[in-house]
Amino acid sequence: MYKKSVTLGAAVFALAIPMAGSQASALPDWNGPIPPDKIVIDVATVNGTGCPAGTAAVAVSPDNEAFTVTYSQYTAKVGIGAGPTDFRMNCQINLKVHVPQGFTYGIASADYRGFASLAKGATSLERARYYFQGNSPTDFVDHTLKGPYGDDWQNTDSTEVGAIVYQPCGEFRNFNINTQLRVDAGTSDPKKTTSFITMDSTDGSITTTYHFAWKQCP
């Protein structure tokens, strides 16, 4: 797992956070040559009920193969203790990814992790999409859970090599990440139970990893 770096809203995120164990050997071979120089990520904006100011952070792996968004208050819930709008949480992050000259990138896959506690009859939804500024947003990829459930969860969204969308060579476009968490009480009794899903982990924050696909520009 990555440790937290600088919180969103600060100016620059650079290569300061190591990956705890490389996942490269388990991933498809999306990459061409990987840039040898550092990648710097500026956060342009962050908005959403799931990522209030100061509760999310970004880090880039030293091998330039992935970056991570870490949340600490991203939870959707219904039932006892939940407010009327707590059933749906979202987060939209707009990033400026500075890559070495002669390279461009796309996002090949994303790993989402968290914990869910769902009463019998309740359901949850995790959905995500990401896209370059000026491009049409991709369709949401949805993952659902059904109660009764009380355990960690992990979802991976993977793009076929030929379908990866790259930032056009010679252009600079911000990269957008849009995620949502939802909980539906369903046939459970929200006056007697609480159901929730969170992007969370044992240390109170979650790590969502986005895997780069690199391509050299002509």
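The protein chain has a mean pLDDT of 79, and 81% of its residues reach 70 or more; pLDDT is the predictor's confidence in each residue, from 0 to 100. This is a predicted model, in which local features need pLDDT of at least 70 and side-chain atom pairs count only at pLDDT 80 or more, while totals for chains, interfaces and linings use all residues. Residues are numbered from 1 along each chain as its sequence is written, and side-chain values use heavy atoms, with hydrogens and water left out.

Let us begin with the parts to read with care. Over residues 1–30 the pLDDT stays under 50, and the model has 87 contacts for them beyond four places in sequence, a contact being heavy atoms within 4.5 Å. Residues 201–205 also have a pLDDT below 50, with 10 contacts in the model beyond near neighbours in sequence.

Now for the overall fold. The protein chain has 12 strands and 0 helices. Both kinds of element are DSSP runs numbered from the N terminus, with helices (H or I) of at least four residues and strands (E) of at least two. Among contacts between residues at least 6 apart in sequence, 81% join residues at least 24 apart. Of the 218 residues, 45% count as buried; here buried means under 20% relative accessible area, exposed means over 50%, and partly exposed lies in between, computed with a 1.4 Å probe on protein chains only.

Next, have a look at the largest pocket, whose volume is about 310 Å³. On a 1 Å grid over the protein atoms alone, a pocket is an open set of points where a 1.4 Å probe fits, with protein on both sides within 12 Å along at least five of seven lines, and lining residues have an atom within 4 Å of a point. Grid points are joined across faces, edges and corners, and the volume is the space filled by probe spheres set on the points. The lining has 18 residues, and I107, Y130, T138, T159 and V165 lie nearest the pocket's centre. By class, 10 of the lining residues are nonpolar, 5 polar and 3 charged. In this scheme Ala, Val, Leu, Ile, Met, Phe, Trp, Tyr, Cys and Pro are nonpolar, Asp, Glu, Lys and Arg are charged, and the others, Gly among them, are polar.

Counting a side-chain nitrogen of Lys or Arg within 4 Å of a carboxyl oxygen of Asp or Glu as a salt bridge, the model has 2. One joins the side chains of D142 and R127, at 2.9 Å from N to O. D142 sits in strand β8 (residues 141–146) and R127 in strand β7, 15 residues apart. R127 counts as buried because its relative accessibility is 17%, whereas D142, at 37%, is partly exposed. The other salt bridge pairs E171 with R173, at 2.8 Å from N to O. E171 is partly exposed at 39%, and R173 is partly exposed at 22%.

In the loop between β9 and β10 (175–184) you will find A163, which is partly exposed with a relative accessible area of 47%. The C-alpha atoms of A163 and A108 are separated by 9.0 Å, although these residues are 55 apart along the chain.
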